[in-house]
Structures are given as C-alpha cells and as structure tokens.
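Subject: Structure for your review

Dear colleague,

Please find the structure below, together with its sequence. My findings follow directly after it.

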Amino acid sequence: MEAVPRMPMIWLDLKEAGEFAFNAAVKKSAVSVPRDFEGCSTLRKYLGQLHFLQSRIPMGSGQDAAVPVTWTEIFSGKAVTHEDIKYEQACVLYNLGALHSMLGAMDKRVSEECAAGAFTYLRDHFPHSYSVDMSHQILSLNINLMLGQAQECLLEKSMLDNRKSFLVARISAQVVDYYKEACRALENSETASLLGKIQKDWKKLVQMKIYYFAAVAHLHMGKQAEEQQKFGERVIYFQSALDKLNEAIKLAKGQPETVQEALRFTMDVIGGKYNSAKKDNDFIYHEAVPALDTLQSVKGAPLVKALPVNPTDPAVTGPDIFAKLVPMAAHEASSLYSEEKAKLLRDVMAKIEAKNEVLDQFMDSMQLDPETVDNLDMYNHIPPVLMEKCAALSVRPDTVRNLVQSMQVLSGVFTDVEASLKEIRDLLEEDEAQERKLQELLGRVPPAPGSPPGLAEVSKECSKYLELHEKASFTNTELHRAMNLHLGNLRLLGGPLEQVRAALPTPTLSEDDKQVLQNLKRILAKVQEMRDQRMSLEQQLREMIQKDDITTSLVTTDRSEMKKLFEEQLKKYDQLKVYLEQNLAAQENVLKALTDANVKYAAVRKALAEVEHKWNTTVQTLVASYEAYEDLMKKSQEGKDFYTDLEGKAAKLLERARAACQASEAQRQQLLER
C-alpha cells in the first residue's frame, strides 16, 4: 500500500500495590514508577533484588518469615493478599509487562516483545492461583496479544520499507495467527468470565483485526501474482482481500474514527486493485480465475519472539544487596531439583509440541473450520451490503424509469443524427451518379468546368461526422448493453425483499448429506475436546511443577542421598504423564476418523462451495448493478450532449448539401442545353 494505516493497540493497566512490610522508600520507588522506559528499568531492578532476598530468607508461603503482601486485582479492583514474597515478585513482573504494553501502544510502536517476555516468564515460573489477572488463561491471552501487536509493528515497517510482497503477506498472515490464538482465548467461557466487561471490546477489536490483516495478506499475495504475471490468481487474491476487508468493516462498527479511516483507505487500495485486475483479465488476459482453496495457503512467518527475562542479570539488577546474608548451599540443591523438573517439563513439552505441530498442519491442510463447515445460516438472510442497496433504492423509486427515459432520449437523438447523415450521403452519391451519366453523354466533349466548390467541403465534413458517429455508435451500443445488463438487477433490488431473497442461490442437501455434515462436526468437536484436554493437562503439570518446593526436605537430606530423593519426588508426576501420553496416542485415531469423514464430506463440500460461490457472485453482481447506476446516468447524459451537438451540425450540413447538390444539378443542365 502507498501508506500504512495504523490500527489501535491493546494495552494493560498496572496493578496497584497495597501492604508489604518492606522498606517504605524502596517500596514507593518500585510501585509508583514513571510510565516510561526508566520505569521499566526500576521494576527490573526491584524484581532482581526480591529474587536475591527470597533465595536467602524464608519469606515464601507458609515459611517462618512470610509477611502479608497486598496488590489490587486488575479486573475486579479487589485487594488480594498472600503471605508469599513470590506474590510480590509476580505482581512486579506483571506490571513490567503491562508497562511495556502501554509503551508499545504509543506512537513509537515498540516494546511489545518485552511485554510478551515478561508475561511468558510470569506464566512459566509463578503460580497461577495468586489472582485472576495472573491465571494461565489470562497470561496466555496477554502473550498472544503482545506477540500479535509486535508482529503488527513489524508489518508496518516492512510495508514502509517496500519489502517483497510474498514476505509482507507471510508477516501479515502471522499477525492473523497470533490474533486467532488470542481470539480463541477470548471466546473461552472461563476467560470471558474472568475478563468481565472488557472481554467484548477486546474480542471485537481482535476479530476485526483478524479479517483486516487477512485482507492485507491476500492483497500482497495478489501483488505477488501480479509480479509473476499470474493474472487469474491476482483476481482471486484481490477478490478474497476485498471479501475479508468487508468482513472487517462489518466488525468495526463502534470502533473509533481512526479505525474507520484506516478501513476506508484500505478499501480504496484493495477495491482499486480488484477492479483494475478484473477489468484487465476480462478484456486483455482472459486467464481462468482459480478457486481460492486450490491455491497454496499463506503460511505465517513468526519474526517476533517473547524476549526472555533473567531476574538475576547483574546488568539489569545491579549488585546483589543481600550477598552477605546467608550461604546458598540449600538453595544450590534446590536449583538442581528445579533443573530436573525443567528437564521433565522440556521432555513432555517436546512431545506435546511435536503432536501439536502435526495436528496444526493436518487441520490447515483440511481447511475445516468447525464454525463454518456448512455455512448454511448465511442463506437464511439477505446480506447487509445488499440490504443497504435495497434500502437506498426504496427511497428512490424512479431509478429504473429515469435510466430508461434517459437512454430513450439518447436513442432518439442518435437516430436523428444517423438519418441526417444518411440523407447527406445519399445526396452526395446521387450527385456523383448524375455526374457520371453527364460524362458518358458528353463523351469527348471538353469536361465541365467543375462541381460547385461547396460540394467538396460538404463531402469532407460529412466524412468527418460519419467517422465521429461511427466511433460514438460503438460507445452507444456498449452503453445500451450495460444498461440492459443492469436494468433487471436494479428492478429486482427495488422490488420486494422476498424476490431478492429468492434470487439468491440456496443449497439443497439430502438426508445423507446432512448426516455426513453431522458426523464431520462431531469428529471436529472431538478434535477440539482433545486439544482442550491436552492444554488442561499441560497447565496442571506446569502448576504442579511451580508449587513443588522440596527445600525443607533438602535441608535434612544427606548430599549422597540427593539423587534418590529427586527420583522419589519426581514420581508424583507419573500419573499426569500417563494421561498426557494417552491423549497424544489418541490423536492418530482421531485424525484417521476425521480423514474418513472428510472424504465423505468432499462431495457435500464441493456442492456447498459451488452454491456459496454462486451466492457471492450473485450478491456482487447485484451490488455492481447498483453502483453502476450513477455511471450509466452520467454517460447517458454525456451521450445526449454529444449527439445534440452533432445533430445541430448535421442539420446545418444537410441544408448546405441540398443547396450544393441543387447548384451542381443546375450546372449539369446548362451543359446539356448547349
């Protein structure tokens, strides 16, 4: 695009601190930070020093030196208290992510990856039960929002730098992938109940962005097709971009004017590209336009990542102010056990991620969306874009009549001009014939002194007017053809809504077809159930690992017995691992069942796709007819103006032709009377 319209970004509020028996000056500087990068630096330093403190003094939950720590929960505004220094660390880490999100939403459009890193570390290293705003679901949502917004910033820069169309398309597709993950979290009933009233606003914005950036991705795929001179592909990509942008516009209702301006700008770009590409292909290239699902899908390119957080990095935290307090022997052993837990988690996650990758690739190849596998509900309603045109014509009942009358007037003037020019041509041809007869009669008699001078000028002007008329005649014919093409559609749009609905194609499914659809939906639901269970088991494992602190046992255990103690303690994870293995093993059978169901669904899918294509084509044709009305009226008026002028000139020329022919005839009579 010639410029890069910007979409608003979501940022998170900072938590407010309450009671914590710590040095007042330190506490104040750490919880009342400025909203800038200096504030981020202060939070990182405080986080690191808290980590050094809790590794030496038993201030964790249930430990001897634990004191109450109070922070306000973001969504409810309620004060939440835990006697656990890790709660203080978790809240500071949350505020670090929130502050980065706030800075990222500003004009500089940076810092989103830092926010994602803070929330990732919080999710993976702290309990999720402290407060609602730090639950696993909310943190995962925040991470995907921040990664999506970071990728969105990268997309802006890529377009400003005029990067290759295919790369821009892949970057935009990855924005869509991140926001889809965020949207799935927002649609989760448990997450929605946690978020409260902001869930709807976030969901609406994210859904709109999904369609908007999908449109941007297909716009650049169309531009790549244009560069490769694949003109049929160019049309379908631009058409898909237009469809997705229209969906984004529907979802943007109630969004601020900046969003509306961005959408209007993008509509100008994509609409212009589509109209130009379609016209060129219809009249010049004549390439077949493939179905979109026959083309390779745009695979996202994740070029951003959650920047890792290291709370003990001396470059960030500064010197350890508690370095001389106590020896670290017990905590060294605890660190070794933590590494064993981390290894267990890595092994399990490697299996989960491998299966998830297979599942994602399989589902992408199937291109099956549980929400729209049949899409039958759309046929029960007239689409809003068509309702808008019907409403507009209902208050302009004379639309068709005005167009017909205008074209009739044009036809009348056209006919008058044609008659005048034909009469002039006939007069000239008759004069020429009489001249030949005279020469034959006179034989070798000296030739006549010449035709009257006006006759040659008349002939020359007649030729010029005939040429103009012939060129305009083609345009006039095309104008009438276009009118006839759109007239029926305009009558339909101006008529009863029942007739409009009846004109839109609808699918007809047999009972067997319906059974195939139900079976496919059932298996797709099974796939989702498998996904949900897998996520739940993973979350349980992470929470169990987070809460697993054996420091007390390590104090009373001899170093030579540490390995045995680790093995015994790690057995507590065996049952969860079994459940996960069963879930992962079930995937092969579920996907086989889905493959079989999809094979049976192929014919139904093809039929539904054909009907949907016809439905979309019909809608687009009706909308095009409405939008063509003003253009037809304008061109009709231009035609009338042209032919009215030509009619006046032709009438004057006819009078001159008659006079010149009469003079020529009189001259011949004089020669015959000699």
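A residue is called buried when its relative accessible area is under 20%, and exposed when that value is over 50%. Please note that this is a predicted model. With a relative accessible area of 0%, Ser172 therefore counts as buried. Ser172 lies in helix H6, which covers residues 165–187. Leaving aside residues up to four places away in sequence, Ser172 is in contact with Leu155, Phe213, Val216 and Ala217.

As for the chain as a whole, its secondary structure consists of 20 helices and three strands. Of its 674 residues, 44% are buried. The chain exposes about 35800 Å², and 53% of this area comes from carbon and sulfur atoms. Among contacts with a separation of 6 or more, 82% are between residues 24 or more positions apart.

The three strands form an open, antiparallel sheet in the order S1-S2-S3. Strand S1 (17–20) and strand S3 (79–82) are the edge strands, each pairing on one side only. On average, neighbouring strands of this sheet are turned by 15 degrees against each other, direction ignored. Strand S2 (residues 69–72) pairs with S3 over four bridges in the antiparallel sense, and Thr72 has Ala79 in S3 as its bridge partner. Helix H3 (residues 85–104) packs on the sheet and touches S1, S2 and S3. The direction of helix H3 makes about 30 degrees with that of S2.

With kind regards

Terms used
Residues are numbered from 1 along each chain as its sequence is written. This is a predicted model: local features need pLDDT of at least 70, side-chain atom pairs count only at pLDDT 80 or more; totals for chains, interfaces and linings use all residues. Side-chain values use heavy atoms; hydrogens and water are left out. Helices (H or I, at least four residues) and strands (E, at least two) are DSSP runs, numbered from the N terminus. Buried means under 20% relative accessible area, exposed over 50%, partly exposed in between (1.4 Å probe, protein chains only). Contact means heavy atoms within 4.5 Å. Accessible areas come from the Shrake-Rupley method with a 1.4 Å probe; for residues, only the protein chains shown count as cover. Two strands pair if DSSP finds at least two bridges between them. Axes are lines fitted to C-alpha atoms, for helices over the stretch in contact, and angles run from 0 to 180 degrees between N-to-C directions.
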